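We'll walk through it together, from the overall picture down to a few single residues.

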Amino acid sequence: LAAAVHDYQHRGLSNDFLVRTLDDWALRYNDRQVSENHHLAAAFAVLQRKEFNFLESLPAQDFRRLRGLMISMVLGTDLAEHGSIMTA
């Protein structure tokens, strides 16, 4: 599921460009992993819509676990963060 949403609504612009141009996404996500945060937020917003929420039958605890895993995986796709991940 994380792979399916990791580039949802991607505009073909780097995070660096978004931050340098003070794009709305950069402002919304405080210059931190801008695109990745947007991909996640937008995908979970779609899942809030009843007609698209195929996860609605998951128990709340399972949904929170899935959401946490998805967030970790998608944020982990930010190439600018790979150095810190590799040294952790």
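How many of the 88 residues of the protein, in percent, count as buried? The value is 26%, where buried means under 20% relative accessible area, exposed means over 50%, and partly exposed is in between, using a 1.4 Å probe and protein chains only.

Before going further, a word on what you're looking at. This is a predicted model, so to speak of a local feature we need pLDDT of at least 70, and side-chain atom pairs count only at pLDDT 80 or more, while totals for chains, interfaces and linings use all residues. Residues are numbered from 1 along each chain as its sequence is written, and side-chain values use heavy atoms, with hydrogens and water left out. As for pLDDT, that's the predictor's confidence in each residue, from 0 to 100. The protein has a mean of 92, with 92% of its residues at 70 or more. Confidence is highest in helix α3 (residues 24-28), at 98, and lowest in helix α6 (residues 82-87), at a mean of 59.

Now for the layout. You'll find six helices and zero strands here, with helices (H or I, at least four residues) and strands (E, at least two) taken as DSSP runs and numbered from the N terminus. Along the sequence, that reads α-α-α-α-α-α. The C-alpha trace spans about 40 × 30 × 20 Å along its principal axes. Contact here means heavy atoms within 4.5 Å, and of the contacts with a separation of 6 or more, 51% join residues 24 or more positions apart.

Let's look inside. A nonpolar core is a set of buried Ala, Val, Leu, Ile, Met, Phe, Trp, Tyr and Cys residues joined through side-chain atoms within 4.5 Å. The largest one has nine residues: A2, V5, L40, A43, F44, L47, L55, M70 and V74.

The axes of α4 and α5 are 9 Å apart, and the pair packs at an angle of about 150°; axes are lines fitted to C-alpha atoms, for helices over the stretch in contact, and angles run from 0 to 180 degrees between N-to-C directions. That makes α4 roughly antiparallel to α5, since angles over 145 degrees count as roughly antiparallel, under 35 as roughly parallel, 65 to 115 as roughly perpendicular and the rest as oblique. On the α4 side, the contact is made by E36, N37, L40 and F44, and on the α5 side by F63, R67, M70, I71, V74 and L75.

Take E36, which sits in helix α4 (residues 34-47). Is E36 buried or exposed? With a relative accessible area of 9%, E36 is buried. Leaving aside residues up to four places away in sequence, E36 touches N15, V74, L75, T77 and D78.

Most residues other than glycine have a negative phi. N30, though not a glycine, has a positive phi near 55°, and D31 has a positive one of about 65°. N30 is exposed, at 57% relative accessible area, while D31 counts as partly exposed at 42%.
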